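I opened this entry to record what I looked up in the model.

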Amino acid sequence: MTTWVDVGALADLKFAPGAPVKVGEHWVALFRDGGDLFAIDNACPHASAPLCDGTQFGGKVACWMHHWEFDLRSGACDVGKDWGVRTWPVRVVDGRVQIQVDASTPRA
Ligand code: FES
């Protein structure tokens, strides 16, 4: 079963370049790219640096610590298929950002 979780008003989020939000016990990084919004795991799978603080370019974010790159749409990592991050369905309803979670999402 899936459900949408409200993580705040889009206007209140601080994108630098990503905006970290907490979903249950899990940190997710939101990124704007063009007119779209994307959500990926915030913790880099290499050494857990926050991807929200990386460098965003061309639909990707590069981790600030060792520069691994992650596709914002797929979560794929340039280092290899075993190092991707989870992507999360995200939508904006009446100015509020919602992330879709399922039974695998760690809860508070
Ligand atoms: S911690 Fe992100 S690339 Fe090393």
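How many bridges join S9 to S10? I found four, and the two strands run antiparallel. I take strands (E, at least two residues) and helices (H or I, at least four) as DSSP runs, numbered from the N terminus.

**Ground rules.** I am working on a predicted model, where local features need pLDDT of at least 70 and side-chain atom pairs count only at pLDDT 80 or more, while totals for chains, interfaces and linings use all residues. I number residues from 1 along each chain as its sequence is written.

**Whole chain.** I counted zero helices and ten strands in the protein chain. From the N terminus on, the elements read β-β-β-β-β-β-β-β-β-β. The radius of gyration is 13 Å, close to the 13 Å from the globule rule for 108 residues, so the chain is as compact as a globular protein of that length. I took that radius over C-alpha atoms; the rule is 2.2 Å times the number of residues to the power 0.38. Along its principal axes, the C-alpha trace spans about 35 × 30 × 20 Å.

I then checked burial. Of the 108 residues, 27% count as buried. My cut-offs use other C-beta atoms within 10 Å of a residue's own, with C-beta placed from the backbone: 20 or more is buried, 12 or fewer is exposed, and in between is partly exposed. For contacts, I require C-beta atoms, placed from the backbone, within 7 Å. Among contacts with a separation of 6 or more, 45% join residues 24 or more positions apart.

**Sheet with S9 and S10.** I went back to the opening pair. It belongs to an open sheet of three strands, ordered S1-S10-S9, with antiparallel pairing. Strand S1 (3–9) and strand S9 (90–93) are the edge strands, each pairing on one side only. I count two strands as paired if DSSP finds at least two bridges between them. The twist averages 35° from one strand to the next. Axes here are lines fitted to C-alpha atoms (for helices, over the stretch in contact), and angles run from 0 to 180 degrees between N-to-C directions. I located Val92 opposite Val97 in S10.

**Sheet S5-S6-S7.** I found another open sheet of three strands in this order, again antiparallel. Strand S5 (55–57) and strand S7 (69–71) stand at the edges with a single partner strand each, so one side of each has no neighbour in the sheet. Neighbouring strands are turned by 25° against each other on average, direction ignored. Three bridges join strand S6 (residues 60–62) to S7. Lys60 has Asp71 in S7 as its bridge partner.

**Core.** I looked up the largest nonpolar core and got 26 residues. Such a core is a set of buried Ala, Val, Leu, Ile, Met, Phe, Trp, Tyr and Cys residues joined through C-beta atoms within 7 Å. Those with the most contacts inside it include Val28, Leu30 and Ile99. Strand S2 (19–23), S3, strand S4 (36–41) and strand S10 (96–101) each supply at least two residues of this core. S3 gives the largest share, four residues. Beyond four places in sequence, Ile99 contacts Val5, Val7, Val23, Val28, Ala39, Trp88 and Val90.

**Arg32.** Buried or partly exposed? I get partly exposed, because 16 other C-beta atoms lie within 10 Å. Arg32 sits in strand S3 (residues 26–33). Not counting residues up to four places away, Arg32 touches Phe15 and Leu37.

Methods. Contact = placed C-beta atoms within 7 Å.
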